[in-house]
Amino acid sequence: MPPITRLHLASGNPHKVQELQSLANASGVAIEIVSARAVGGMPEVAEDTGTFVGNARQKALALRAQLPGDAWVVADDSGVCVDALAGAPGVESAYYAGPQHDPVANLSKLIAVMRDVPVAERGAQFRCVLFVSGPNGQEEVFEGFCAGQLLFESRGGAGFGYDPIFAPTGFHQSYAELGDEVKNRLSHRARAWARLAAWLGRGGTAP
Ligand code: IMP
């Protein structure tokens, strides 16, 4: 199999393109992350499978369908799973406050829902599935998670989504206060990427 030098990211989220490219650079893997926008835009996807893997697969196959047969696609499906909410919003993180996918409304809703939950019960984890789809129907799944605590209010200006209220274990600051460098060492996406990078390093084969 020829080496994979380019991965098309099946996402309309520019933060994810940037984060994955940073992670790729930091992992020493010579790979270009190409945004869906650069190849005609991300098609509408139902995201209705109820699982991170299923939704990531839907996104990957949707973008792959509009690319040449030898293209490699990676899709990210991710979200925050809150212990006190039995894992919600989880796969529904992107549209927690409604179908408009409004990250500010989603964040406000989670802050409001968690307002009276005591510190000891504010555990949560970010989860990320990176789903790779390649030529000849090849499919690979890489997962990562990062545990932490939800804060009571938004703090910091970096990152995106729920970053301002998520403090990873071992830190009092939110991801949005800690910034990209720290986040990219700890995050659910960084951990999933490390597995994907190891797979790339093996030439795209099983361990
Ligand atoms: P997706 O793009 O359909 O996978 O939706 C992911 C949802 O989870 C969005 O609401 C994001 O804001 C949220 N999310 C995923 N990863 C992160 C992250 O690293 N930081 C903050 N929010 C995230």
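**Buried residues, a ligand shell and some loops**

Colleague: Quick one to begin with: is Ser 174 buried or exposed?

Modeller: Ser 174 is buried, because its relative accessible area is 0%, where buried means under 20%, exposed over 50% and partly exposed in between, with a 1.4 Å probe and protein chains only. Bear in mind that this is a predicted model, in which local features need pLDDT of at least 70 and side-chain atom pairs count only at pLDDT 80 or more, whereas totals for chains, interfaces and linings use all residues. Residues are numbered from 1 along each chain as its sequence is written, and side-chain values use heavy atoms, with hydrogens and water left out.

Colleague: And where does Ser 174 sit?

Modeller: Ser 174 belongs to the loop between β6 (166-168) and α4; helices here are DSSP runs of H or I with at least four residues, strands are runs of E with at least two, and both are numbered from the N terminus.

Colleague: What does the side chain of Ser 174 reach?

Modeller: The backbone oxygen of Arg 155, at 2.5 Å from the side chain of Ser 174. Such a polar contact is a pair of N or O atoms within 3.5 Å; within protein, one atom must be able to donate a hydrogen and the other to accept it, and residues adjacent in sequence count only if both atoms are side-chain atoms.

Colleague: Now the ligand. How many residues surround it, and which are the closest?

Modeller: There are 17 residues around the ligand, and the closest are Lys 16, Asp 163, Lys 183, His 188 and Arg 189; a residue counts as near if one of its heavy atoms lies within 4 Å.

Colleague: What is the make-up of that shell by class?

Modeller: Eight of the shell residues are charged, five are polar and four are nonpolar. In this scheme Ala, Val, Leu, Ile, Met, Phe, Trp, Tyr, Cys and Pro are nonpolar, Asp, Glu, Lys and Arg are charged, and the others, Gly among them, are polar.

Colleague: Which side chains have an N or O atom at 2.6 Å from the ligand?

Modeller: In Lys 16 a side-chain N or O atom is 2.6 Å from an oxygen atom of the ligand, and in Asp 163 a side-chain N or O atom is 2.6 Å from a nitrogen atom of the ligand. Ser 93 takes part through its backbone, with an N or O atom 3.3 Å from a ligand oxygen. As for cover, the ligand taken alone exposes 490 Å², of which the protein buries 92%, with areas from the Shrake-Rupley method and a 1.4 Å probe; for residues, only the protein chains shown count as cover.

Colleague: Which elements give two or more residues to the shell?

Modeller: Those are β3 (73-82) and α5 (188-201), and β3 gives the most, with four residues.

Colleague: Back to Lys 183: is it buried or exposed?

Modeller: Lys 183 is buried, because its relative accessible area is 2%. Its place is in helix α4, residues 175-186, and a polar contact of 2.9 Å joins its side chain to that of Asp 163.

Colleague: What about Thr 51?

Modeller: Thr 51 counts as partly exposed, because its relative accessibility is 39%, and it lies in the loop between β2 (32-35) and α2 (52-64). Phe 52 lies in helix α2 and counts as buried, at 11% relative accessibility.

Colleague: Changing topic, which peptide bond is cis?

Modeller: The bond from Ala 88 to Pro 89 is cis, with omega near -5 degrees, and Pro 89 is found in the loop between β3 and α3 (103-113).

Colleague: And what is phi for Glu 47 and for Asn 136?

Modeller: Glu 47 has phi near 50 degrees, a positive value in a residue other than glycine, and Asn 136, which is not a glycine either, has a positive phi of about 60 degrees.
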